[in-house]
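The sequence and structure follow.

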Amino acid sequence: MKVLVVGDIVGRPGRNTLKAYLDKYKSKYDFIIVNGENAASGFGITIKLCDELFSWGVDVITSGNHIWDKKEIYEYLDRNDRVVRPYNYPTGVPGTGYVIREDRKGNKIGVISLQGRVFMPPIDCPFAKGNEIVEEVRKQCKTIIIDFHAEATSEKIALGKYLDGKVSLLYGTHTHIQTADNKILLDGTGYISDVGMTGSDNGIIGMTKESIIPKFLTALPQRFEIAEGNERINGLEVDIDDETGECVTIERINMSLIDLGIF
């Protein structure tokens, strides 16, 4: 099966870039996963935007710490398991941390969202909770994909090697910077520390430099604004063996609207 993973969608520029890519290439993929936690002006996601992404062909929307930014999404998480929040949040929070769906060929795919703890909110252990849910999902399907929303590369690499051979793909999100360490680990798990972001490359991780730099200069709170122009899509194109669930190939996507033939 061929899977498309798209890194953090940042605001309208990110959404428009994703749509342009899907309009041109979605037919080549059996399954599409998008991190949508920054889709609404960079902070959270709305019900309308979830429905919009699904209408474009997205199968599952993953998330991270910003999934809670828009209160309207809370009840939506409880009734639509195609939007997954990190599994290792405490018991009782809205939504679910994993979902099992079928791809275009009828193969079952388990998608799990986890969140790191290094330089992040002190939630439940992603290693213990991750292994717990992987063991449960493995009873139902061989293909398992994890979006690990975390800051520290060491934590991401550690979880990748901890779950190597148990999952098909583990990729990092959150930093909005695509790393160049895509690889297949020793026991068959595809891995990358961060898939990057989809949005404007003119600013700083999707926000205007004018709204970001003063925070570093003054340490005072700033209102961040979405950057526009020089939009890019970051993600992964992954081939997974239907029978074994092992990753066969993992290639980075880093394309501009010019690359997509849109000026």
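T198 is buried, with a relative accessible area of 0%; buried means under 20% relative accessible area, exposed over 50%, and partly exposed in between, for a 1.4 Å probe and protein chains only. The residue belongs to strand β11, residues 197-200. Helices (H or I, at least four residues) and strands (E, at least two) are DSSP runs, numbered from the N terminus. The model is a predicted one, in which local features need pLDDT of at least 70 and side-chain atom pairs count only at pLDDT 80 or more, while totals for chains, interfaces and linings use all residues. Residues are numbered from 1 along each chain as its sequence is written, and side-chain values use heavy atoms, with hydrogens and water left out.

Contact is taken as heavy atoms within 4.5 Å. Leaving aside neighbours within four places in sequence, T198 is in contact with V6, G7, D8, I9, V10, G14, T17, L18, R232, I233 and N234. T198 and H176 are 22 residues apart along the chain, and their C-alpha atoms are separated by 8.2 Å.

L18, one of the contacts of T198, lies in helix α1 and is buried at a relative accessible area of 0%. Apart from residues up to four places away in sequence, L18 touches V6, I9, V34, L53, W56, V58, T198 and I233.

A nonpolar core is a set of buried Ala, Val, Leu, Ile, Met, Phe, Trp, Tyr and Cys residues joined through side-chain atoms within 4.5 Å. The largest such core has 34 residues, and L18, Y21, I45 and V58 touch the most other members. Two or more residues each come from β1 (2-6), α1 (11-25), β3 (31-35), α2 (47-55), α3 (73-79) and β13 (247-256). Helix α2 gives the most to this core, with five residues. A second, separate core holds 20 residues, including V60, L169, I192 and V238.

V60, in strand β4 (residues 60-62), is buried at a relative accessible area of 0%. Not counting residues up to four places away in sequence, V60 touches F31, I32, I33, V34, F54, R82, V84, V99, R101 and V111. V83 lies 23 residues from V60 in sequence and 6.1 Å away in space, C-alpha to C-alpha.

N131 is found in helix α4 (residues 126-137). At 18% relative accessibility, N131 counts as buried. Outside the four places on either side in sequence, N131 touches P126, Y162, L163 and K166.

The C-alpha separations given above are collected here.

| Residue pair | Separation along the chain | C-alpha separation |
|---|---|---|
| T198 and H176 | 22 residues | 8.2 Å |
| V60 and V83 | 23 residues | 6.1 Å |

About 340 Å³ of space lies in the largest pocket, where grid points are joined across faces, edges and corners and the volume is the space filled by probe spheres set on the points. Its lining has 14 residues, and H66, I205, M207, I212 and F224 lie nearest the centre. By class, the lining has six nonpolar, six polar and two charged residues. Ala, Val, Leu, Ile, Met, Phe, Trp, Tyr, Cys and Pro count as nonpolar, Asp, Glu, Lys and Arg as charged, and the others, Gly among them, as polar.

How many disulfides does the model have? The count is zero, a disulfide being a pair of cysteine sulfur atoms within 2.5 Å. The sulfur of C141 is 16 Å from the closest cysteine sulfur, in C247, which is too far for a bond. C141 counts as buried at 6% relative accessibility, whereas C125 is partly exposed at 22%.

Most residues other than glycine have a negative phi. F119 has a positive phi, near 60°; this residue sits in the loop between β6 (108-115) and α4 and is exposed at 71% relative accessibility. A219 also has a positive phi, near 65°. Its place is the loop between α6 (209-218) and β12 (231-240), and at 63% relative accessibility A219 counts as exposed.

Note on methods
On a 1 Å grid over the protein atoms alone, a cavity is a set of points where a 1.4 Å probe fits but cannot get out, and a pocket is an open set with protein on both sides within 12 Å along at least five of seven lines; lining residues have an atom within 4 Å of a point.
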